[in-house]
Amino acid sequence: MRPMLLGEMTPETLMEELGTSPSKALAARRLAQLGMPTRKSEAYRYFDIEPLMAHDWEILRNEASAEIAESEEQIVITDGRVTALPKGVEVQVGCSDAIDLDGNHFDPLYYLGHLLSPEVISIRFKEDAKVTLVHRFTQPGKLLAYRTAIYLDANTHVQIDERFEGEQACGALILSGSDVFISRDATLTLIKDETLKEGDYVPILSHRIKVDSQALCRLHSFDFGAGSGLQLIRVQLHEHARIDADHLLYATDHARRGTVSQIVHIGQSSVSNQRAKNILAEKARGIFDALIKVEHTGKYTKAHQNSKAILLNDGAYMASKPQLEIYIDDLEASHGSTTGQLDEAQLFYLRSRGIAKEEARKMLILAFANELIDALEDERMRERLHASFETAYWGVTNVTCMETCHGCEDLAAGTAAK
Amino acid sequence: MSNVVMEIENLHARIGAKEILKGLNLQLEEGKVHAIMGPNGAGKSTLSKAITGHYDVEVTEGAIRYKGQEIVDWEPEDRALEGIFLSFQNPVEIPGVNNAYFLRTAVNAKRKHQGLEELNAAEFLREMKALVQELGMKPEMINRSLNEGFSGGEKKRNEILQMMMLQPDLIILDEIDSGLDIDALRAVSEGINKMKDGKRSFLVITHYSRILDYIEPDYIHVLKDGKIIKTAGPELVAELEEKGYGAIEEA
């Protein structure tokens, strides 16, 4: 299948061609309206989408797995099928083809993903939980489309540690993402950690996050490495809802990585705080194309957005486009973007204390990244992400507790007491 | 005369297109306190930058010999590892770099350079905490980001803390008294005086004589328009106080 050919079809032809159920008529209609993405599409302007859309893909279709293993605290989705579930955690996982689609998503591939997914993997949290969600890809060179839906019941507090494993899936195209429904007074902390190598699979992860009244979403995305991938996120904030979205990107070689997002303030007194930090090396291109939109109904909104980028080489490039679209007067909003190199005064200060240039550069790059890693409340996650970043940056990690915690004071006190 | 630890000969240096140092000559003796005094714009900070290898300063002529070696082409870290320390006039803030982690890296870089075993976290923190207490610093500064949000006095104390941990051989104090209240000035001066061991040399750069009440100099050098125009003993301070720098030029 060549995705680009689908862009010229009517909704009816699309559904017939893809063999989808009538419940997905909305997705077909929206895809027909938006057309397939090209390099002229706003959301994909800085991402090399055309070769992916022109490629003749074999679509990976898996039979439902007969057995689902039990795991400690991991939900494992292998090639679009659930293969492991945590024991003892109050999580309901099922499959369904009926889902409340976002009829206003800006990304055509959100709809294509839904049309190509035979069913949606639905994960419901009825109680507080901490789980790891592993996406595992094993088939090289194919197109894999699957969708997940995450539901948080009212008043639940959930942390999802989302990881990606796909060393065997070189050259695959992954069209995936989540529809996330955070009910009233619930809190979701979603931590995404994805490191890609040159030639790995290409993930295009298109999300929709609906944050109900007084609910909170903390989104932390960590995208590292040399491959290409894009996350496209549309967030709807209802009354007194809040999202804190942090994106840390370290891209190298010929990577094309980044975030395209739309945060829409629908309810009054809703809050969004979006921060992107981008470290770009070699010929990598970073993308931060983010719109915050405040509707007429979004009075007393607070909306803040900021992107900072460090270019480590002359060939590195940052496409940063923070935008505000505001239809009311009563609000507090800001946005900004800076792109530069490492601060020479800081570098000199460290070197003037005998720290070698390369080590000083490392310290400053870590410091730049640290702000977003240290924003993680979970100390174990902080340490893991420090290690993940260092591994992506240097190939090894030598994170010491001094860099990540304050436990050494106790250690020193303990030693002194002996 | 004592051994010369640093000899600066006919030093010409510029920042951008502007020549700041115009044939400066200076000798710093081992174990002595040298004070450089001079009006604004005379080139005092440029001199400290030239000695430490700051990227702003280009040395166009002359020599800086430290312990007998020409160091103009040395990297800043190599100068530091060999024992040159600059206490900055305005220490830069580095958010995200933990103060303890930074200082331990610096201390261990020097120990490695000297062929000594690196300090482990506990040993290092024990030593650092003792000095933090001695300097009257708040203990939480150990784990804060380097200089971030520090007051002027806290930044200067942090410079002295680094100096005491790194045990350098030549200490350049650039306007160490600026922005300090009396208590901070006393604490900082006590820290500096404790470092005097008869071997270590000091170059105190200052506008005003106040700091010299606390750190007694052996020599006073007057720097004006990029050159040392007079060198004398501590008695010169009183003359400068009385007559100002203009009179020295006339003399």
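Predicted model: local features only at pLDDT ≥ 70, side-chain atom pairs only at ≥ 80, totals over all residues.
User: How are the rings of A:Phe137 and A:Tyr201 arranged, stacked or edge-to-face?
Analyst: Over all chains, the count of aromatic pairs comes to 14. In the pair of A:Phe137 and A:Tyr201, the ring centres are 4.8 Å apart and the planes stand at 65°. Since planes over 60 degrees apart count as edge-to-face, the arrangement of A:Phe137 and A:Tyr201 is edge-to-face.

User: How many residues apart in sequence are the parts that A:Phe137 and A:Tyr201 tie together?
Analyst: A:Phe137 belongs to the loop between β6 (129-136) and β7 (143-145) of chain A, whereas A:Tyr201 belongs to the loop between β12 (187-196) and β13 (202-211) of chain A. A:Tyr201 counts as buried, at 2% relative accessibility. The parts that this pair ties together are therefore separated in sequence by 64 residues.

User: Which helix holds A:Phe389, the partner of A:Tyr250?
Analyst: The ring centres of A:Tyr250 and A:Phe389 are 6.0 Å apart with their planes at 80°, so this pair is edge-to-face. Both A:Tyr250 and A:Phe389 are buried, and they belong to one aromatic cluster that also includes A:Phe222, A:Phe224 and A:Tyr393. The pair links distant parts of the chain, 139 residues apart, with A:Tyr250 in strand β16 (residues 242-251) of chain A and A:Phe389 in helix α8 (residues 379-394) of chain A.

User: How much area do domain 1 and domain 2 of chain A bury between them?
Analyst: Chain A is divided into domain 1 (3-341) and domain 2 (342-418), and the contact takes 25 residues from domain 1 of chain A and 21 residues from domain 2 of chain A. The size of an interface is often given as the accessible area lost when the parts come together. For domain 1 of chain A and domain 2 of chain A, with 65% of the buried area on carbon and sulfur atoms, that value is about 2100 Å².

User: Which residue forms a salt bridge with A:Lys277?
Analyst: In domain 1 of chain A, A:Lys277 is one of the three residues that lose the most area to domain 2 of chain A, the others being A:Tyr250 and A:Leu312. Across the interface of the two domains of chain A there are six salt bridges. With the closest N and O atoms 2.7 Å apart, the salt-bridge partner of A:Lys277 is A:Glu371.

How values were computed: Residues numbered from 1 in each chain as written. Chains lettered and ligands numbered in written order. Heavy atoms only, no water. Phe/Tyr/Trp six-rings, centres within 6.5 Å; stacked < 30°, edge-to-face > 60°. Helix = DSSP H or I, 4+ residues; strand = E, 2+ residues; numbered from the N terminus. Buried < 20%, exposed > 50% of the residue type's maximum accessible area, 1.4 Å probe, protein only. Domains from an automatic or database assignment. Contact = heavy atoms within 4.5 Å. Buried area = accessible area lost by both parts, 1.4 Å probe. Salt bridge = Lys/Arg side-chain N within 4 Å of Asp/Glu carboxyl O.
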